[in-house]
Amino acid sequence: MNFLKKLRPSSRESSLFIILIVAVGGTGLINPRFLTGDGTRDLLTSTSVVALLAIGIAPIVVMRHIDLSIASTVGLSAWAVADFCAKNPSFTWVQCFVIGSIIGLVVGIVNGLLVAGLRLPSLVVTLGTLYIVRGLVYVVSNSVDYNAQEMPESLLALGQKVYFGLLPFTFLMVIIAMILMALFMKYTKSGRDAYAIGSNPPAADLVGLKVFRRTFLAFVFSGVMSGIAGVFYLMRFAQVDSTAFYGQELAVVAAVVIGGVTIMGGSGTVVGAVIGALLVQTIQGGLAALGVDAFWKAAINGLLLIIAIYADRVLAVRNEKQLLTQRIRERI
Amino acid sequence: MATKGDLLLQMSGVQKRFGGAVALRGTDLKIRAGEIHALLGENGAGKSTMLKILSGVHVNDGGTIKLGDKDFITGSPQASIDQGVAVIYQEPSLFLDLSLAENVFIGRQPKKGMIIDWKFAQKEAARLFKELGVELDPKRQARGLSIADQQVVEIAKALSMNANIILMDEPTAALSASEVERLMTVMKSLKAANKAVIFVSHRLDEVFAISDFITVMRDGATVSENPISKTDLQKVIKEMVGRELTELFPKTENKIGAVVLEVKDLTNPAYFRNVSFNVKKGEIVALAGLVGSGRSEVARAIFGVDKYESGSVTLNGKALPAGSPVEAMKRKIALVPEDRRQQGLFMVAGVNRNISMESFDKLTHRGMINFKREKSLTNTWKDKLSIKFANQADPVDRLSGGNQQKTVLAKWLATDPDLLIVDEPTRGIDVATKAEVHRLVNQAASEGKAVLMISSELPEVLGMADRIIVMREGKQVAELSRKEATQEKIIAAATTGKRSA
């Protein structure tokens with residue numbers, strides 16, 4: 001039980017979790033199917049890709065950087081994995097994950113070298129690789145699409161696999177990755193350094209932190225998670241074309257910010273990022289259940305983002321006032 | 001463990017060049033264990049460069065640095081830390097999002113296997129804070145700590161690294177009198193533990209109060225190295241400036257006229273309550289008190305940057321609306337803020353653009369800026385305040401701290417204000433420039449401007465002000481005339497709220 005206690009999220013995450021429960025409950029009132037095993041399974045399946053990407057970029061955002069190339073990497077990984085499988089019918093899910101990871105690794109290394117090695121701003125670097133990687137998908141795909149019949153049966157079967165009637169395999173992987181990363185970020189030197197680097201970059205240099213190594217590895221990690229997310233994409237949709245996951249990078253950034261990871265770096269957790277992803281998906285589901293036109297989806301996401309950032313601001317101001325009064329009291 | 005008096009570090013003939021500019025042309029410094037050593041010199045004398053060589057940010061071009069009998073390795077902050085040299089910068093470089101325990105152990109977290117041992121880190125941090133006599137909560141976030149407490153965290157960090165030599169760059173610049181006293185106690189306890197403490201300061205009264213040894217630098221070279229018993233204030237000032245400085249506070253007796261600013265029952269519960277005072281034409285009124293006692297907040301409220309809940313501000317007999325700096329400027333109030341880099345200047349813009357910033361109305365012709373007028377305005381103020389810069393369009397962040405402060409003053413004096421508010425006008429400025437800033441503020445008063453000055457430096461308050469208002473925890477606790485004011489009375493009022501005899 002001690003172990004579980006250690007995983008207990010801080011108050012920011014608990015309050016988000018309560019909002020999530022309320023959102024799920026509210027949606028359940030409108031559409032009772034939402035609360036059944038099938039409903040939960042659908043929610044978790046549809047959140048898996050974004051949630052995995054959120055885990056991938058949360059450390060980067062904590063370090064006051066950003067990775068916009070993730071959605072393009074998902075597209076490249078998904079298309080390339082499908083292509084390899086179509087040409088090699090003997091491939092199983094194992095090869096799929098290996099290929100996906102390697103593609104993500106390569107993109108991550110390029111981003112990492114440019115941002116950490118040359119100290120270029122990550123916003124611009126990854127905006128560049130966003131276009132380059134997507135361009136690459138257009139070129140290599142040559143308008144070829146792939147469907148379920150060209151994909152390994154073992155991969156699709158894994159995509160259909162559900163534990164306890166509600167937990168899909170992909171989301172189980174998300175939970176495992178989340179727990180490992182949460183522990184890593186809290187209890188290892190690398191994890192704490194990430195917070196320090198994002199909190200005060202010049203000071204991080206002055207106290208001799210390994211800024212290059214940490215930043216580089218964060219981008220490599222995000223790349224690999226994006227590559228794996230590409231395989232998750234195939235498992236969910238069982239089809240892929242060159243526009244797969246086009247333009248979804250900002251949806252992931254939004255989920256991470258809604259989950260309480262400060263865009264200015266230094267604070268936030270991967271648990272929060274995953275809850276943020278779930279919350280966005282739940283509210284979308286709730287709106288659909290209410291019969292709100294799907295065209296409103298983007299606008300509502302934007303509104304949610306602004307509400308989240310406003311809530312953060314209110315909390316920050318209150319926190320500052322508390323600290324000030326505490327300081328005055330301490331002095332007496 | 002070193003014993004008292006051991007030579008820990010010896011720099012001889014150290015040189016450093018940045019491109020064509022020579023920063024150090026042969027500097028000597030000897031640091032002994034169990035000694036508090038003051039490194040003095042005007043801005044640009046090379047003190048910061050010395051500290052940066054020792055902290056591993058710069059590498060010296062010539063000369064030798066010996067650590068005990070070994071060569072000192074420069075070139076990376078990590079190497080300096082490993083050799084037992086720790087630097088506490090003027091602006092503490094803490095990680096505000098992290099806890100105090102984390103800040104103390106950043107980069108060297110104690111581990112149990114793969115995992116960081118938080119319990120041990122917290123216990124150890126608490127022990128260090130206690131040793132330093134400042135019991136901070138190690139689990140607390142660093143955000144919201146006062147500068148003084150942040151320094152304590154930095155010192156705890158240095159101790160946890162087993163540093164023998166602790167360098168402090170102007171540690172007292174942002175501290176109030178009582179915080180300075182606390183820091184001095186800490187420095188003495190470091191000395192008692194046979195550590196060497198080197199500190200840079202422009203506050204000479206403090207230097208003489210605490211140091212054992214004084215090294216004076218001028219133009220990149222060491223001018224003198226003396227134990228405290230063999231030197232005195234006049235001598236040190238002469239060595240720093242290279243000439244005799246006649247008067248640090250050139251106070252003139254001005255004709256005091258009608259009330260310009262009248263503040264009545266000004267209240268903003270978070271920062272200050274029922275503050276009432278006035279400032280007359282030709283008068284300098286000082287707001288004294290500890291940092292955080294609400295002085296700056298009162299000034300900000302008068303200028304309209306912050307709102308206030310109740311009370312009133314009257315300027316030249318007419319009420320000034322709250323919360324509007326634009327209106328305040330129209331009514332001829334000028335505020336020279338405490339933090340010139342963040343609030344007073346546009347650091348990357350040229351000197352000319354900064355000086356003319358608030359005077360655009362006088363410079364425009366049919367809505368377009370007349371650059372000839374801007375140039376002559378800049379030249380006028382350059383001469384009046386003797387601001388030193390090579391080119392009018394030079395960005396202000398290339399100027400020294402003193403010249404930056406003069407630029408802010410020029411910007412506001414160019415608007416010809418009726419009320420000049422200056423917040424810590426000489427923080428981090430060398431002694432010669434300080435005297436010049438004092439002369440300028442006095443001159444503004446003698447021209448009939450009303451001056452409200454906030455300052456943590458008591459000699460400055462006593463030397464400059466006609467009247468002194470002391471604040472403590474948001475309340476106005478004493479008002480002293482120039483005649484009755486003494487250092488002791490101000491400190492007593494600021495720390496206890498009582499007027500002592």
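Which residues in H4(A) meet which residues in H5(A)? The legends below take up this contact and then other parts of the model.

This is a predicted model, in which local features need pLDDT of at least 70 and side-chain atom pairs count only at pLDDT 80 or more, while totals for chains, interfaces and linings use all residues. Residues are numbered from 1 along each chain as its sequence is written, and chains are lettered from A and ligands numbered from 1 in the order in which they are written.

**View 1. The contact between helices H4 and H5 of chain A.** Thr73(A), Leu76(A), Ser77(A), Ala80(A), Val81(A), Phe84(A) and Cys85(A) in H4(A) meet Cys96(A), Ile99(A), Gly100(A), Ile103(A), Gly104(A) and Val107(A) in H5(A); two residues are in contact if their C-beta atoms, placed from the backbone, lie within 7 Å. Helices (H or I, at least four residues) and strands (E, at least two) are DSSP runs, numbered from the N terminus. Helix H4 of chain A covers residues 70-87 and helix H5 of chain A covers residues 93-117, and their axes come within 9 Å and cross at roughly 140°. Axes here are lines fitted to C-alpha atoms, for helices over the stretch in contact, and angles run from 0 to 180 degrees between N-to-C directions. The crossing of H4(A) and H5(A) is right-handed, a term used if the near helix is turned clockwise from the far one by less than a right angle. By class, the residues of this contact are 9 nonpolar, 4 polar and no charged, where Ala, Val, Leu, Ile, Met, Phe, Trp, Tyr, Cys and Pro count as nonpolar, Asp, Glu, Lys and Arg as charged, and the others, Gly among them, as polar.

**View 2. Helices H3 and H12 of chain A packed at an angle.** Helix H3 (residues 37-62) and helix H12 (residues 249-258) of chain A have axes 9 Å apart and pack at an angle of about 70°. H3(A) and H12(A) are therefore roughly perpendicular to each other, the word used for angles of 65 to 115 degrees. Their crossing is right-handed. On the side of H3(A), the contact is made by Val50(A), Leu53(A), Ala54(A), Ile57(A), Ala58(A) and Val61(A), and on the side of H12(A) by Ala251(A), Val252(A), Ala255(A) and Val256(A). This contact of H3(A) with H12(A) has 10 nonpolar, no polar and no charged residues.

**View 3. An open sheet of 4 strands in chain B, with the order S2-S1-S4-S5.** The pairing in this sheet is antiparallel, and two strands pair if DSSP finds at least two bridges between them. Strand S2 (21-32) and strand S5 (70-71) of chain B are the edge strands, each of which pairs on one side only. S1(B) and S2(B) pair over 9 bridges, and in this part of the sheet Lys16(B) stands opposite Leu24(B) in S2(B). Strand S1 (residues 7-18) also pairs in the antiparallel sense with strand S4 (residues 62-67) of chain B, over 5 bridges; here Gln10(B) stands opposite Lys66(B), and Met11(B) stands opposite Ile65(B). Helix H1 (residues 47-55) of chain B lies across S1 and S2 of chain B and runs at about 65° to S2(B).

View 4. Strand S13 (residues 259-268) and strand S16 (residues 310-315) of chain B pair in the antiparallel sense over 5 bridges, with Glu262(B) opposite Thr314(B) in S16(B).

**View 5. The place where chain A touches chain B.** In this view, 22 residues of chain A are in contact with 21 residues of chain B. Helix H9 (189-199), helix H10 (201-206) and helix H14 (297-331) of chain A are the elements that give two or more residues to the side of chain A that touches chain B. H14(A) gives the most to this side, with 6 residues. By class, this side of chain A has 11 nonpolar, 6 polar and 5 charged residues.

Notes:
Angles under 35 degrees count as roughly parallel, over 145 as roughly antiparallel, 65 to 115 as roughly perpendicular and the rest as oblique.
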